[in-house]
Amino acid sequence: MIEVSNLTKYYGDFAAVTELSFSVQGGEVLGMLGPNGAGKTTTLRSLVGIIRPTRGSIHIAGHDLLNDPVSAKRALAFVPDEPQLFEHLTVLEHMLFMARIHSVSDAKSQIDALLEDVELSDKRNVLPAELSRGMKQKLAIACGLIHDPRALLLDEPLTGLDPGAIKRTKLTIRRQAERGAAVILSSHLLSLVEELCTRLLVIHKGKLVAAGSMEEIAASRPELAGRGLEDIFLALTT
Amino acid sequence: MIRHFLYFIGIDFRNKIKRRVARLRSPRYAIALLFGLAYFFFAFGGPALFGTGPPRAEREWPAGLVAAAPFYLALLVIWWWLGPGSRLALNFTPADVNLLFTAPLTRRQLIQFKLLRAQAPILFTSLLVTLFAQRAAGPWWVHLPSAWVLFTTMNLHQVGAELVHTSAKQHGLAGWRRLRVPLLVFVAWVAALGWSIWQVMPPLRADVGKVFVILGEAFTQPPASIALAPLRIVLQPMLAVETVEWLSAFALALLVLVAHYIWVMRTGVAFEESAAEAATRTAAIVEAVRSGKRVSLYDRTRPKKLKPPWFPLGSTGEPAVAVLWKNVLYYTRNFSLFIPIAVTCFAALFGVIVFTEEGSSLALLVAGLVYLGFAGLIAVLGPLGFRNDLRNDLRNIQLLRTLPIGGARMVAAQLAGSTSAMTAAQVALLIPGVILVLLSGRMPQASLVIAGALAAVLALPAFNAIALGIQNGIALWIPAWSRIGSDQPGGVEFMGAQMMNLFGSILMFTIALIPPLILGSIVFAGAALKWGNYGVVPGALLFIAALYGEVLLMVNILGNVYDRLDPVESGLLK
């Protein structure tokens, strides 16, 4: 569903990401890990078409993101770490906007269900300025799910959410994967990654340092056998 | 505490300068700085500054400047009191809020901080004025303190006006009552100016050409002269020719400054509100800081009734329509046409009052021309004011770029938003303007006026789209010059960027008009041989068609630029 080959991004002489290759199949949840400045955000931004990579190719649901970005973007959704909302649109108007962008035919029922799911039904007519950080995050997630994306990319999706919302968001991510979506989850919350992700991708200084399931990664480093994700992460990135 | 504020402001200033010097390595900022310096150099006299002039004792300030200066200051004061002009006076940056709002500081101390912070730009502006006033009258060393006292007093007045606004908003009737003295003073002040203008209406009607001379004289007579006295007092040190004269003028100006300071501090202290109110505001401020906005010391984000969309948005169909829908909604929710309509009506009414004695026909013509003039003014200034397009949306580039909309369609939808708003405003002025002109009966060929108006209505969207497209192009190529993104120029650099933006836009717009003009002229020349003056019709139609062709071309070029834009490299994203 998501195919990345030799992804490289330079800013001047600085290599933010170098020769990154991986794929995520439908139903998989890939955990993207790395210390601050490792290149996770650059990778995610490249995968959703915000920035153009210097080299490499990206395919989303079979569409080349660089040559046919519109088709590729129809299949994906991105929830950034900082919710991006329009100040003058209400919650409901955000949903209507995204529904039109993705030509969702049964928009009304979808919107009602999603708002109910993220507990924003009673806030449908308020502006983002009147929402808390967590509510904004919930709205961003709901906007991302309106077209039932085949590729879902999330950057620190639980920031600002209350325990109830965290539980529901985890469930939503799992449900999306079960429905066949390829999910990439970038987070520093190792417990979240451990709980949800079927595979891991560890990036350090813009380069891939490990990929596979926790067991596969541990097997490739015998000294890490039996250790938890935290120890594995620290061993790979320090 | 002042010492700590000075330290904080000093460090902030030093870091800003270091950052600005460092980014001069980038050609766009270096060019902007050079343009800014050149603008200041030529705007304030250019090479003559460094030439030799008459002896200092013989120099004089231009009489027109001396007469007009208090009036201009009065307009500024009225703008601060009646318009939104003072709203930025008490705005704090998120960093200020993080560091200061959480510190054990009183409201008075926060206001003092804001006033101190304003001193850096005031001193910089005063230095510029001093430099460029070298060839003016008076001892050279008096200009710096004179400019400082003038700008500081004006800044204090702006802050005071903002405090009064805020009190009225927050405390309703009680707030107005508490501030009845300054409000009564302001009302009396405006009434005095209005009375003086009313008194000179007969000579003004007789000789409109001398409007500034007549008004200038009116303002030297009571009651306007009394109303303008405080402004003249703060201006007087700048105009003083002799040292002794300057000393007394400066002392008086200082007194006005001190009086303003006391007024601002007392007004600020009167705002100490309940703990609950403060807590609510603090929460709102924290939320605003988290979303990276500038915030005001006083809450002004009371929920208001939202205007519904102008047209419903279906959930299927062309996706770019959603962008247009959103941008039109941005305009309708953030702007009110009340003030521009009121100003235009007032100006038209003024024209009618002045010219009624010449006959109703001339009065109607003048009123009509006022409307048409304002429509023309929008054509010139509108591209800078109507920003419900990429210039507003590039802040959300991270979201926009994930939408499945190609560059050309995205640019088309964005431009359609600002173009439709700008054109609607012009047409709203054009219709009454043309009707009034026709009613005046002073136009020999009414059909020509109607044809011209129809041609304008057809051409205006294309004209506007080209002008707005140029602005959007600048925003895409160099976002910082359109005040977008994190890496915006400041000070002289910003002035230079604005100048380049302005001159670049005019140049590009002029170039854009040449091909349609040539095409239209050729067709007109050919058609005129056969149909005489009616040949203008096919010529005009081809001219308009060529304009729309250029819009299409521009949309495609900008769409390509949008697709290739790297938000990180251009400073839109970190």
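Me: Which strands does helix 1 of chain A lie across?

Reply: Keep in mind that this is a predicted model. In chain A, helix 1 (residues 40–47) lies across strand 3, strand 7 (151–155), strand 8 (182–186) and strand 9. Its direction makes about 150 degrees with strand 7 of chain A. Helix 6 (residues 163–178) of chain A packs on the sheet too, touching strand 3, strand 7 and strand 8 of chain A. The direction of helix 6 is at about 150 degrees to that of strand 8 of chain A.

Me: Happy to follow that on screen. In what order do the strands of this sheet in chain A run?

Reply: Follow the order 6-7-8-3-9-10 in chain A: these 6 strands form an open sheet with mixed pairing. Strand 6 (76–79) and strand 10 (207–212) of chain A are the edges, each pairing on one side only. From one strand to the next, the twist averages 15 degrees.

Me: Let me look at strand 3 of chain A. How many bridges join it to strand 9 of chain A?

Reply: There are 4 bridges between strand 3 (residues 29–33) and strand 9 (residues 199–204) of chain A, and the two run parallel. A:Gly31 has A:Leu200 as its bridge partner in strand 9 of chain A. Turning to strand 8 of chain A, strand 3 of chain A is joined to it by 4 bridges, again running parallel. There, A:Met32 stands opposite A:Ser186.

Me: And how should I read the two faces of a strand?

Reply: In a regular strand, side chains alternate between the two faces of the sheet. For strand 3 of chain A, one side carries A:Val29, A:Gly31 and A:Leu33, while the other carries A:Leu30 and A:Met32. Both faces are covered, with all of these residues buried.

Me: Why is strand 3 of chain A described as largely enclosed?

Reply: Because 5 of the 5 residues of strand 3 of chain A are buried, the strand is largely enclosed by the rest of the structure.

Me: Is A:Ser186 buried or exposed?

Reply: A:Ser186 counts as buried because it has 24 C-beta neighbours inside 10 Å, and the cut-off for buried is 20 or more. A:Ser186 belongs to strand 8 of chain A. Leaving aside residues up to four places away in sequence, A:Ser186 touches A:Met32, A:Lys40, A:Leu44, A:Leu154, A:Asp155 and A:Glu156.

Me: Now for chain B. How do I describe two packed helices?

Reply: Packed helices are described by the angle between their axes and the distance between the axes. Take helix 19 (residues 407–440) and helix 22 (residues 536–564) of chain B: their axes come within 7 Å and cross at roughly 115 degrees. The crossing is right-handed. Among the residues that meet are B:Met410, B:Val411 and B:Leu415 from helix 19 of chain B, and B:Val555, B:Leu558 and B:Tyr562 from helix 22 of chain B. This contact divides into 8 nonpolar, 4 polar and 1 charged residues.

Me: Finally, how many residues does each chain bring to the contact between chain A and chain B?

Reply: Chain B brings 30 residues and chain A brings 28 residues. On the chain B side, helix 14 (320–334) and helix 18 (397–400) each supply at least two residues. Helix 14 of chain B gives the most, with 7 residues. By type, the chain B side has 14 nonpolar, 10 polar and 6 charged residues.

Key: Residues are numbered from 1 along each chain as its sequence is written. Chains are lettered from A and ligands numbered from 1 in the order in which they are written. This is a predicted model: local features need pLDDT of at least 70, side-chain atom pairs count only at pLDDT 80 or more; totals for chains, interfaces and linings use all residues. Two residues are in contact if their C-beta atoms, placed from the backbone, lie within 7 Å. Ala, Val, Leu, Ile, Met, Phe, Trp, Tyr, Cys and Pro count as nonpolar, Asp, Glu, Lys and Arg as charged, and the others, Gly among them, as polar. Two strands pair if DSSP finds at least two bridges between them. Axes are lines fitted to C-alpha atoms, for helices over the stretch in contact, and angles run from 0 to 180 degrees between N-to-C directions. A crossing is left-handed if the near helix is turned anticlockwise from the far one by less than a right angle, and right-handed if clockwise. A residue is buried if 20 or more other C-beta atoms lie within 10 Å of its own, exposed if 12 or fewer, and partly exposed in between; C-beta atoms are placed from the backbone.
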